[in-house]
Amino acid sequence: MMARFLHSEFFHNYKHSSSAVIGSTLMLGFAFAVIVGPLLVAQNPYDIASLDLMDSYKPPLWLEGGDPRFPLGTDGQGRDVWASILYGARISVFIGLVAMIASCTIGTFLGLVAGFYGGIVDSVIMRIADIQLSFPSILIALFLMSAVGTGVDKVLIALTAVGWVVYARTVRGSTLSEIEKEYVQAAKVAGLPNHKIIRKHVLPNVLTPLIVIATIQVGTFVLIEASLSFLGVGVPITQPSLGLLIKNGFDVLFSGLWWTSVFPGIAIMILVFGINLFGDFLRDELNPRLK
């Protein structure tokens, strides 16, 4: 199977697409840093016993007063900014991936139901989607977080609530197209149950656009979570994400202690930039009309 993939048109196009190579390299590098990085740093930034206030606000290594132990400097509690980014990125990536999976699952199910059965079911689901799309996603997430409180689980609920719509609308449109085709009509005539027709004949043919949406949505969710945490309604301080690191650094940003906020922001930028580059490549590859 691997040999077949390496000789496929997709892999050939991937090798010759600079945006795909750069995007996937950034994503894999970030994933490696998140998984392995915390095992390689000497300090656990969220273990109070390992912190020393005498190390607070040390500048990056290349600036005067820098300490080789803290290559990107420290914050007000003496936490290593580099170690904080590695630990915080785990939370951000976890939230982005889990919320994407939950949104995709719920949205795909509702889109299949709406497109296949139509009628009042379709009207109700699509009107709910239309109402939700009339508000910015961040506004809905802010409202939900204000109502249910902070926490990783609460952020996941809020992101899932704002993310399912795009899947539902996409799958519904694709399903409406698929159910008019001969193989679906033949399955109905043969007397196959609706759930088997949906699972075996419709679902496999509506998955292609979802791959692109899911890829890009991870980056979108990372940004929304960072915004919520920056505003103080996201993850708690005991489970810091990149957004919370930016917020903590922003409080002293204009005091010349820029590194506590800038470096976590750069980490988010690298992650989202890599995801978007690779997502653009997938969009072009999986949509024949764009070739």
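Two residues are in contact when heavy atoms of each lie within 4.5 Å. This briefing applies that term to a predicted model, in which local features need pLDDT of at least 70 and side-chain atom pairs count only at pLDDT 80 or more, while totals for chains, interfaces and linings use all residues. Residues are numbered from 1 along each chain as its sequence is written, and side-chain values use heavy atoms, with hydrogens and water left out.

**Overall architecture**

- The protein contains twelve helices and zero strands; helices (H or I, at least four residues) and strands (E, at least two) are DSSP runs, numbered from the N terminus.
- The C-alpha trace spans about 75 × 50 × 30 Å along its principal axes.
- Of the 291 residues, 44% are buried, where buried means under 20% relative accessible area, exposed means over 50%, and partly exposed lies in between (1.4 Å probe, protein chains only).
- Among contacts between residues at least 6 apart in sequence, 68% join residues at least 24 apart.

**The nonpolar cores**

- A nonpolar core is a set of buried Ala, Val, Leu, Ile, Met, Phe, Trp, Tyr and Cys residues joined through side-chain atoms within 4.5 Å.
- The largest such core has 56 residues, and those touching the most other members are F30, I85, I95, V202 and L242.
- Helix 4 gives the most to this core, namely eleven residues.
- Apart from neighbours within four places in sequence, F30 is in contact with A89, V93, L242, A267 and L271.
- A second, separate core has eight residues, including A114, M126, V165 and A168.

**Helix 11 and its cover**

- Helix 11 covers residues 242–250, and its buried residues are L242, G243, L244, L245, I246 and G249.
- The cover over these buried residues includes helix 3 (18–40), helix 4 (81–117), helix 10 (208–230) and helix 12 (259–286).

**The surface**

- The protein exposes about 15200 Å², of which carbon and sulfur atoms supply 68%; accessible areas come from the Shrake-Rupley method with a 1.4 Å probe, and for residues only the protein chains shown count as cover.
- Y117, I120, V121, V124 and I128 make a nonpolar surface patch of about 460 Å².
- Patches are made of residues with over 30% relative accessible area and no salt bridge, with like charges joined within 9 Å and nonpolar side chains (Val, Leu, Ile, Met, Phe, Trp, Tyr) within 5 Å; a salt bridge is a side-chain nitrogen of Lys or Arg within 4 Å of a carboxyl oxygen of Asp or Glu.
- Helix 5 (residues 119–133) contributes the largest share of the nonpolar patch, with four residues.
- V121 is found in helix 5, and V121 counts as partly exposed because its relative accessibility is 34%.
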